[in-house]
Amino acid sequence: MEGPGARAAEALRDALAAVRGARSLAGLREAEIAALGRKAPLSLLKRQLGSAPPADRPGMGRILNEAREAIEAALSARREELEATEESAALEAERVDVTLPGRSRLPGSPHPIALMLERLCEVFAGLGYRVAEGPEVETDWYNFESLNMPPDHPARSMWDTLYVDPSGGRDATLLRTHTSPVQIRTMLAQPPPVFIVAPGRVYRRDAFDASHSPVFHQLEGLAVGRGITFGDLKGTLDAFAKAVFGPEAAVRLRPSYFPFTEPSAEVDVICVTCGGRGCAACGRSGWIEIMGAGMVHPNVLRAVGYNPERVSGFAFGMGVERIAMRAWEIPDIRMLFENDLRFLARFRG
Ligand code: FA5
């Protein structure tokens, strides 16, 4: 059998076999192009219809149309089958076994030092202070000299300093021993009045024991303006103690010495463990030292270009770990650095 009719029948047979044999939707698309596309045998036959004898054309046209319809029907039937199998394969691949036990994840929580720093900044923000920051690697000038400690000043030995560049001189670098250099940086950058707190890490060559760490945190405070007095310092520290330790808390100021304040004081809070009677936690004194404070020394005001005849102020530098220890009854500073999860979990909000 030869001629267009036979060629159409053969093309139909091949096309149906290809459509039914397609294994995927992509394969089916290829079979569709091969059967019905521009270069498909049926399309060629259709184009040749115009040159066929007129009597043969209607019959031939009907055969071609029927072939096309048969192929389209086979295509849509196969497409439905393949869509169903591809969907169930995808579902199978994404199957989740809801009967498996869950993986529990410990919720994270802020470290107690971070919590206390945040709390302290909040308290002082409520009193009108803004937060200022400075570098942990400082120069000799900012850490000592500008704070009224010239190179040979004996008070430098109050701080066991870690030098980065031990060559000496005002630009020699060191790990700051306190947050007091931020006082200087702030005053150099702005005219009075100044009300800032400066939280941050400080470093000393101190041995690790129950109340000392070689790396610890301080919160510096500085208030400078017209007519600021020692009474303002006491009132501010009292407000701080009540906000952080509760309404019954009291602070005690002991005369002390810092080169950058005059007069200077050491500030103690009553020991919570014994209520002031004296115990092991407070070294039998009933009080715990939490900060140094005093009225800013005129030489410090002069070093930053302020006029000590016109402005005065107070400053303080508190040990954040010591305050956390007092507030949360932590008996040993090392517990704050060991990162034992059983201890840290106590501070989960
Ligand atoms: C100072 O560092 C002064 N800059 C504080 C100051 C600021 C005085 C402004 C006047 C005006 P001192 O070395 O005493 O002072 O340290 C301040 C506080 O830091 C101490 O009261 C204590 O609470 C804490 N502290 C000191 N050394 C350590 C340490 N090794 N580990 C933990 N806390 C410490």
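This is a predicted model: local features need pLDDT of at least 70, side-chain atom pairs count only at pLDDT 80 or more; totals for chains, interfaces and linings use all residues.
Local features require pLDDT of at least 70 and side-chain atom pairs count only at pLDDT 80 or more, whereas totals for chains, interfaces and linings use all residues. Residues are numbered from 1 along each chain as its sequence is written, and side-chain values use heavy atoms, with hydrogens and water left out.

The protein chain is assigned domain 1 (2-93) and domain 2 (112-347). These bounds come from an automatic or database domain assignment. Taken over C-alpha atoms, the centres of domain 1 and domain 2 are 87 Å apart. Leucine 106 is found in the loop between helix H4 (57-93) and H5. Helices (H or I, at least four residues) and strands (E, at least two) are DSSP runs, numbered from the N terminus. Leucine 106 counts as exposed because its relative accessibility is 63%. The terms are set by relative accessible area: buried is under 20%, exposed is over 50%, and partly exposed is in between (1.4 Å probe, protein chains only). Neighbours within four places in sequence aside, leucine 106 is in contact with Leu341 and Arg348. Contact here means heavy atoms within 4.5 Å. Leucine 106 and proline 154 are 48 residues apart along the chain, and their C-alpha atoms are separated by 51 Å.

The largest nonpolar core holds 44 residues. Such a core is a set of buried Ala, Val, Leu, Ile, Met, Phe, Trp, Tyr and Cys residues joined through side-chain atoms within 4.5 Å. Leu120, Phe240, Phe245, Ile290, Phe316, Met318 and Ile323 touch the most other members. At least two residues of this core come from each of helix H5 (112-126), strand S6 (215-225), helix H8 (230-245), strand S8 (261-270), strand S9 (287-296), strand S10 (312-319), helix H10 (320-328) and helix H12 (341-344). H5 gives the largest share, seven residues. A second, separate core has 26 residues, including Ile184, Ile196, Phe258 and Val300. In soluble globular proteins, nonpolar side chains tend to be buried together.

Isoleucine 290 illustrates the packing in the largest core. Residues up to four places away in sequence not counted, isoleucine 290 touches Phe240, Phe245, Val267, Asp268, Val269, Gly317, Met318, Gly319, Arg322 and Ile323. In H10, the buried residues are Val320, Glu321, Ile323, Ala324, Met325 and Arg326. Glutamate 329 follows H10 and lies in the loop between H10 and helix H11 (335-338). Its phi is positive, about 50 degrees, although glutamate 329 is not a glycine. Glutamate 329 counts as exposed because its relative accessibility is 53%.

A polar side-chain atom of glutamate 289 lies 2.7 Å from a ligand oxygen atom. For glutamine 218, a side-chain N or O atom is 3.1 Å from an oxygen atom of the ligand. Methionine 291 places a backbone N or O atom 3.3 Å from a ligand oxygen. On its own, the ligand has 680 Å² of accessible area, and the protein covers 95% of it. Accessible areas come from the Shrake-Rupley method with a 1.4 Å probe; for residues, only the protein chains shown count as cover.

Asparagine 148 sits in the loop between helix H6 (140-143) and strand S3 (162-163). Asparagine 148 counts as buried because its relative accessibility is 18%. Its phi is positive, about 70 degrees, although asparagine 148 is not a glycine. The side chain of asparagine 148 makes a polar contact with the side chain of asparagine 299 (3.1 Å). A polar contact is a pair of N or O atoms within 3.5 Å; within protein, one must be able to donate a hydrogen and the other to accept it, and residues adjacent in sequence count only if both atoms are side-chain atoms. A polar side-chain atom of asparagine 148 also lies 2.9 Å from the backbone oxygen of proline 259.

Two cis peptide bonds are described next. One runs from proline 192 to proline 193, with omega near 5 degrees. Proline 193 is in the loop between helix H7 (181-189) and strand S5 (194-203). Another joins glutamate 262 and proline 263, with omega about -5 degrees. Proline 263 is found in strand S8.
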